[in-house]
Amino acid sequence: MPPPAHEILPVTPDRWSELQELFGPSGAYSNCWCTWWRQTGSDFSRGCERRGEGNRALMAALVAAGDEPGLIAYRDGRPVGWVSVAPRPQFGRVLRSPTLRPAPAQADDTTTWSIVCFWMPRAERGHGLATALLDAAVAHAAARGAHAVEAYPVDTAGARQASANLFTGTLGMFRRAGFREVERGRGQQAIVRRQV
């Protein structure tokens with residue numbers, strides 16, 4: 001049976017209410033609002049207070065500024081999934097990570113984009129939505145001038161993973177989409193890249 005068809009669009013100010021609907025009262029996961037990669041640990045923790053008020057405000061400001069910090073998947077007009085994709089310099093946690101950061105000369109490279117997070121309700125998982133979001137994220141980055149797209153998926157070979165650990169995607173999914181592993185981060189996290 002073919003996977004359901006999705007329309008996948010950038011989150012824009014007129015779609016902010018749909019992102020809020022998708023993320024729900026928990027801000028996708030534990031009041032994150034998909035801001036973890038964009039902040040320091042202490043700023044993120046403060047943003048989680050008061051049911052994620054600070055993190056929601058940060059994401060709302062990015063959307064209001066027209067930054068298009070990710071894509072929303074729709075099925076039958078209803079939001080059902082999310083992928084965070086943007087130029088790598090927007091993700092300070094990647095730039096500061098001892099295992100993921102690029103060489104200093106590449107840190108400001110806005111032609112390399114990063115895919116850092118997928119989110120969808122449990123009922124939407126296992127039907128090809130993450131793959132559709134990945135394909136759309138690569139196309140979105142390329143259309144906006146990216147020369148390469150990078151991601152930080154988890155290698156699930158040989159060990160079952162809790163779904164909460166797979167928000168960056170799986171290595172197998174990225175390999176099937178034409179990404180190649182360029183480095184191994186910490187533990188089961190890989191750094192993968194695809195030229196576009």
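1. Phe23 and Trp33 are both buried, a term that here stands for under 20% relative accessible area, with exposed meaning over 50% and partly exposed the range in between (1.4 Å probe, protein chains only). The model is a predicted one, in which local features need pLDDT of at least 70 and side-chain atom pairs count only at pLDDT 80 or more, while totals for chains, interfaces and linings use all residues. Residues are numbered from 1 along each chain as its sequence is written, and side-chain values use heavy atoms, with hydrogens and water left out.

2. Aromatic pairs are counted when ring centres of Phe, Tyr and Trp (its six-membered ring) lie within 6.5 Å; planes under 30 degrees apart are stacked, those over 60 edge-to-face, and the rest tilted. The count by this rule is eight. One of these pairs, Phe23 with Trp33, is edge-to-face, with 5.5 Å from centre to centre and 65 degrees between the planes. Phe23 belongs to helix α1 (residues 16-23), whereas Trp33 lies in the loop between α1 and α2 (41-64), 10 residues apart. Helices (H or I, at least four residues) and strands (E, at least two) are DSSP runs numbered from the N terminus.

3. Phe23 and Trp33 also belong to a cluster linked by ring pairs, together with Trp16, Trp82 and Trp119.

4. At Trp36, the charged end of Arg93 sits over the ring, 3.8 Å from its centre. The criterion is NZ of Lys or CZ of Arg within 6 Å of the ring centre and within 35 degrees of the ring normal.

5. Thr112 is located in strand β4 (residues 112-119) and counts as buried because its relative accessibility is 7%. Its side chain makes a polar contact with the side chain of Asp109 at 2.8 Å; such a contact is a pair of N or O atoms within 3.5 Å, where within protein one must be able to donate a hydrogen and the other to accept it, and residues adjacent in sequence count only if both atoms are side-chain atoms. Beyond its neighbours within four places in sequence, Thr112 is in contact (heavy atoms within 4.5 Å) with Pro87, Arg88, Pro89, Ala148 and Glu150.

6. In strand β5 (residues 148-151), Ala148 and Glu150 point one way and Val149 and Ala151 the other, all being buried. Strands pair if DSSP finds at least two bridges between them. β5 pairs with β4 in the parallel sense over four bridges, and Ile115 stands opposite Ala151. Four bridges also join β5 to the antiparallel strand β7 (residues 190-195), where Val192 stands opposite Ala151.
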